[in-house]
Amino acid sequence: MQNNGTDEELSDKLKPLGVELETKKNSKIGPTAMQAGDINLELSTAKRAGQSYYRLIASWDPDDNEFYPATYDLLSIEWDPTVGEYYSSNVGDTKYVTARDGSERKKGIYLFNVHDTELDFGSYAAVYVTKKKNEKLDFGARYVHTFDTRTWGTSFEANFSYAKTGPTGGLQFKLTPTKTEKSWQVWVDDVLEW
């Protein structure tokens with residue numbers, strides 16, 4: 001289902017299908033290579049009637065493309081493993097996001113790669129959990145953005161020689177780029193009431 005309206009309108013459309021949708025928006029995230037506010041990070045929860053698991057969904061929507069991508073960006077979905085037990089995971093289009101590491105899923109952490117080298121790399125990742133205790137489930141998402149910074153080094157070389165016709169050669173220079181990977185991260189959290 002494509003959402004062309006507000007989150008509230010989408011929630012109303014999904015109710016007849018037995019899906020409860022709750023969305024909490026984080027303030028826009030950004031700095032450095034991408035401008036502040038270029039990526040919108042959101043958390044949602046959903047449960048389809050008749051299924052035993054809940055979906056903890058983290059989604060991001062870039063307002064701009066990444067001009068200085070470094071390694072893949074990283075997204076983690078984290079939850080209290082004493083309250084919710086890992087069931088499964090899912091991603092949106094694998095062109096934009098892939099599972100990275102689920103080895104700590106019993107500890108309430110699942111990692112995803114975000115392919116920010118792609119244009120319009122917005123997508124989502126989800127972890128499915130089942131209820132272990134009848135308590136509120138604290139959960140959150142961490143988005144780590146990596147980017148390259150470039151500095152330019154300059155070197156000069158003089159190459160003069162004299163011939164009968166006069167001086168030949170000249171001054172040559174080279175610009176050499178140096179890349180350094182940097183990162184920033186943000187966190188958004190929510191509470192699921194079973």
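**Figure 1. Ser88 is partly exposed, with a relative accessible area of 24%.** Here "partly exposed" is the range between buried, under 20% relative accessible area, and exposed, over 50% (1.4 Å probe, protein chains only). Ser88 sits in strand β5, which covers residues 84-91; strands are DSSP runs of E with at least two residues, helices are runs of H or I with at least four, and both are numbered from the N terminus. Setting aside neighbours within four places in sequence, Ser88 is in contact with Val127 and Tyr128, where contact means heavy atoms within 4.5 Å.

**A note before the next views.** Please keep in mind that this is a predicted model, in which local features need pLDDT of at least 70, side-chain atom pairs count only at pLDDT 80 or more, and totals for chains, interfaces and linings use all residues. Residues are numbered from 1 along each chain as its sequence is written, and side-chain values use heavy atoms, with hydrogens and water left out.

**Figure 2. Ser76 is a buried residue of strand β4.** The strand runs over residues 73-79, and the relative accessible area of Ser76 is 3%. Look for the side chain of Glu78, with which the Ser76 side chain makes a polar contact at 2.6 Å. Such a contact is a pair of N or O atoms within 3.5 Å; within protein, one must be able to donate a hydrogen and the other to accept it, and residues adjacent in sequence count only if both atoms are side-chain atoms. Not counting residues up to four places away in sequence, Ser76 touches Tyr110 and Leu111, along with Gly140, Ala141 and Arg142.

**Figure 3. Asp148 is buried in strand β9.** This strand spans residues 137-163, and Asp148 counts as buried because its relative accessible area is 10%. With residues up to four places away in sequence left out, Asp148 touches Tyr68, Pro69 and Ala70, as well as Lys179, Thr180 and Glu181. For Asp148 and Pro69, the separation is 79 residues in sequence and 6.1 Å in space, C-alpha to C-alpha.

Figure 4. Along the sequence, the pattern is α-β-β-β-β-β-β-β-β-β-β. Of its 194 residues, 40% count as buried. Among contacts between residues at least 6 apart in sequence, 69% join residues at least 24 apart.
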